[in-house]
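Let's take a walk through this protein model together. Keep the 3D view open and turn it as you read.

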Amino acid sequence: MIAEPERRRGRVLVLTLVVIAALVIGFILFTNFWTDLLWYQSVDATSVFTTTLLTRALLFFGFGAFMAIVVGFNAWLPYRLRPMFQAMNAEQASLERYRAALEPLRRVLLIAAPLVLGVLAGASASSEWKTWLLWRNSTPFGVNDPQFGMDVSFFTFTLPALRFILGFLFATVVLSFLAAVIVHYVYGGIRLQSPEGRASAAAQAHLCILVGIFVLLKAVAYVLDRYDLAVSQDGLVPGLTYTDVHAILPAKNILAIVSIICAVLFFVGAFRGGWRLAVTSFVLLLASSALIGGLYPTFVQSVEVKPTEVVKESPYIARSIHATRTAYGVDNAVVTNYPAVDVPNPADLKASLGTTQNVRLMDPTVVSPTFAALEQNRTYYSFANPLDIDRYTLSGKLQGTVIAAREINLAGIPNDQRNWATDHIIYTHGFGVVAAYDNTATPDGKPSFFENGLPPTGQLTLNQPRIYYGENSPNYSIVGAPVGSSPQELDYPTENQSQDLAKYTYTGTGGIPVGSFLNRLLFTVKYQEPNILLSDLVNNDSRILEVRDPRDRVQKVAPWLTLDGDPYPAVIDGRVEWIVDGYTTTDAYPYSLATTLGDATSDSVTASGSSVAVQPRDDINYIRNSVKATVDAYDGTVTLYAWDESDPVLQTWSKAFPGIVKPRSDISADLMAHLRYPADLFKVQREILSEYHVTDPNTFYSGTDFWSIPNDPAKSVPQPQPPYYLQVQMPGTSSPTFSLTTTFAPQRRPTLAAFMAVNSQPGPGYGQIQILQLPSTTTIPGPAQQQNNFETDSVAKQQLTLLRGSGVSDIVYGNLLSLPVAGGVMYVEPVYIQAGGTAGYPLLRKVFVGFGQRVAFRDTLNEALAEVFGISTPVTQPTTPPSNPNAGTAREQLAAAITAAQAAYTAGQNALKAGKFAEFGVQQGKLSAALAKAAAAEKALEAAVAPKSATPSASPSASPSASPPGA
């Protein structure tokens, strides 16, 4: 026997452990809550935190209490109504033992079980906070659906909330019914083996009332089912079809009435008719549902619709076409017939100079390693892959730009040199941006930079180049120190790269103060890192920077937005700002086709493991680019601007979170110049327009004019070709416009069906989609066919073989651009050569140009255009001149060597075919000599144009210490 004192000590120990565990869990919850609140305060968005928290709390306690009270009442009532006297049999004798065992725990169970259900129900309800806020702040669309005459806002905001509430009531009634049945059975209200009747009158009345309420709710569900048909995706087209209108709608009305009658019969049966009336009403409901709700619509579809489906469904197809085009913002897309000649006319080239002078030769998905090799400077810096596309006004001309922020990269520090201080105190930020012209290169194929170096120099005004917030920033850094303190942060390497480092102390307002003991303790718990509390590198003026990815920051401030997958940096008013596009979406726009966002935005870039974020696989059928957001790279300031101020979804969220989104008029002119049409929205729209460019219902029904999105021919794994930001001069216009472009192919044919571009330059015409539709009989090749034409061209094949250099170099194909030029379609593809090994990086060496069946493969775009169009005068702006006079001579030597090698290779192949083996040997020797001269000329060219090291300006603090880790 265990002594009583020992038992008491054991109980005290258990109680103590429980209390300690509760305190630890409570403190962890408090830590998450308080640090979250501090973060929202740091970005001046406390109202987002409080509104979300209060809404979730209201739903949790409101719906949770309702569930607990109703289920608890229906579990208590059977005990209250239990038979006081009942005949004893084997069943009741067995239950009596259970009743005796449960009696000490009865009250606990009757309270605890409903409370647990209430907590679970409350947690489920709190997750619907977005649905609740949309309903409570609903804004009319000003558009009525054609069947019910109700504003679209009813379907997008009200109907989902009613469905949520109805589903919750169904769950409450079902759980109450199960609880009632169990308790009635345990306490004798229901007897399975009694000859006198299987349920007491009280149990019968109780259960009939619950079933009656369930059936009454079913009547409400039938009413809502009518409206759900408008957002259904199950028919021939989205929304109501002929069978829905003429069979299912009347059936739902009848079933709702039948359900009400059955509910009344259940209520009457609770007190008068016994089980017989209840069972009769239930059978009536099932039979009506099967006959009216199932067989009748099937009959109408088979007998009335199928024989003349196109005639019957034509009005409903027209509804879907109109609604889908409106919901995706493509209702104003202009489709123009484009003859697309396949024989170029040089005279027509003048009307396309705006395009040919701005052809993008720097592929941002290819040249990121080149940027890194030339401008990374240290292994602890990195650039995004792919790079970003923007435009800047340089020397009075709008210039397409390939740009990247030089971000900190902790993975580039050797592992044996990393510790907590290096990761979170010293290596805290990147430095500057690197920008290059998108339509030219240096003579040796490198990007032609107009902003580069450390510290950065060039044509951009960059007053604050430090990148504390970026796509590759550490999860947290601790910065800041009292005035006069010795700087701890690495700023950038100075000119004496083996010794000197510029140091820096953060002076911005970003982040959360962690000087107090409480805040240091809280973040120690949050990150499970004792150094935050114990290290003397954390001082009274320290601030912790967290949530540093631009998308994550915007998402946390505006959790109701869907964000574009590719934020991009821009130099705005002397600072680096990240620009993030935000979308408002819904899946409940009536008659609109639903698409899966993740699938529609997937292409060869997102599938390659790039830094572009993959969208979730959410179904949507309405989307607007309603918000443009910026994140300051130095202090992390998040600013949201209303871009589509007429969007009812944005207006609704602005009511829920007033003051979070600033008006469009607050956008500065400098920021406006760098905004662009977002790629993910464009990809969704091209997915829709592949079918919904067809506006005639009969033609749409046949599906013969539908298009497909071509795969990227430069990739080995089939993935849709990404859209491209280009400066394009569309037919009939006098100047080029910064545009986002794509192509379409006919279904099951390799030719080209259409070219699509959207104006991406803010101002008049922004967002205007233009589609050039080619004749259905066109022979203009599509992207895949054109890539095959390029690679199988006899001249190109020989030169590509030479460029590979017996396998020591790799050929990298750049973006295959499709451009409307000279009344036809011109293809341009840059070709890069990358030396083998880990140190190699892509250099622009050749350019493919194709028009119709003509192909040119030359050193420059100018030369290729001249060959294709049969002219000798330049048709594009000249490339950047060599940075060294010797580069011109080296380039001539390289060209001569390649020509000699090509001639030797051709002569050797001809000799081999003719069986002249001695001559073949001679030509092989010539080929080897020519390749050796080409290699020597290439080295000379690289030396001639090698950029000189930038001379740093005076640094904040220079340290003559040893080189840092990763140098």
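In this predicted model, look at helix α5 (residues 129-136) and helix α17 (residues 648-656): their axes come within 9 Å and cross at roughly 100°. Angles of 65 to 115 degrees count as roughly perpendicular, so α5 and α17 are roughly perpendicular to each other. Who does the touching? On the α5 side you'll find Trp129, Lys130, Leu133 and Leu134, and they meet Thr652, Trp653 and Ala656 of α17. Sorted by class, this contact has five nonpolar residues, one polar and one charged.

Now for the rings. The structure holds 48 aromatic pairs, and here are two you can find on screen.

| Aromatic pair | Centre to centre | Angle between planes | Arrangement |
|---|---|---|---|
| Trp132 and Trp135 | 5.3 Å | 85° | edge-to-face |
| Tyr692 and Phe700 | 4.9 Å | 55° | tilted |

Trp132 and Trp135 take us back to helix α5: they are three residues apart there, so about one helical turn separates them. How much of each can be reached from outside? Buried means under 20% relative accessible area, so Trp132, at 19%, counts as buried, while Trp135 is partly exposed at 22%. In the other pair, Tyr692 is buried with a relative accessible area of 2%, and Phe700 is buried too, with 9%.

Rings can also gather in groups. Phe27, Phe30, Phe33, Trp34, Trp39, Tyr40 and Phe49 form one aromatic cluster.

Is Ser760 buried or exposed? Its relative accessibility is 0%, so Ser760 counts as buried. Leaving out residues up to four places away in sequence, Ser760 touches Arg391, Leu675, Arg676, Tyr677, Tyr725, Phe738, Ser739, Leu740 and Tyr766.

Val305 is also worth a look. This residue lies in helix α8 (residues 242-305) and is buried, with a relative accessible area of 0%. Which residues does Val305 touch, apart from its neighbours within four places in sequence? The contacts are Tyr242, Thr243, Val300, Lys312 and Glu313. Thr243 is 62 residues away from Val305 along the chain, yet their C-alpha atoms are separated by 7.4 Å.

Let's finish with the backbone. The peptide bond from Asn385 to Pro386 is cis, with omega near 10°, and Pro386 belongs to the loop between β2 (381-382) and β3 (388-394). Leu454 and Pro455 are joined by a cis peptide bond as well, with omega about -10°. You'll find Pro455 in the loop between β8 (447-452) and β9 (457-458).

Then there are positive phi values in residues other than glycine. Asp44 has a phi near 55° and is found in the loop between α1 (4-42) and α2 (46-80). Ala340 isn't a glycine either, and its phi is positive at about 55°; look for it in the loop between β1 (334-337) and α10 (353-356). How accessible are they? Asp44 is exposed, with a relative accessible area of 70%, whereas Ala340 is buried at 6%.

Notes: Residues are numbered from 1 along each chain as its sequence is written. This is a predicted model: local features need pLDDT of at least 70, side-chain atom pairs count only at pLDDT 80 or more; totals for chains, interfaces and linings use all residues. Side-chain values use heavy atoms; hydrogens and water are left out. Axes are lines fitted to C-alpha atoms, for helices over the stretch in contact, and angles run from 0 to 180 degrees between N-to-C directions. Helices (H or I, at least four residues) and strands (E, at least two) are DSSP runs, numbered from the N terminus. Angles under 35 degrees count as roughly parallel, over 145 as roughly antiparallel, 65 to 115 as roughly perpendicular and the rest as oblique. Contact means heavy atoms within 4.5 Å. Ala, Val, Leu, Ile, Met, Phe, Trp, Tyr, Cys and Pro count as nonpolar, Asp, Glu, Lys and Arg as charged, and the others, Gly among them, as polar. Rings of Phe, Tyr and Trp (its six-membered ring) pair if their centres lie within 6.5 Å; planes under 30 degrees apart count as stacked, over 60 as edge-to-face and the rest as tilted. Buried means under 20% relative accessible area, exposed over 50%, partly exposed in between (1.4 Å probe, protein chains only).
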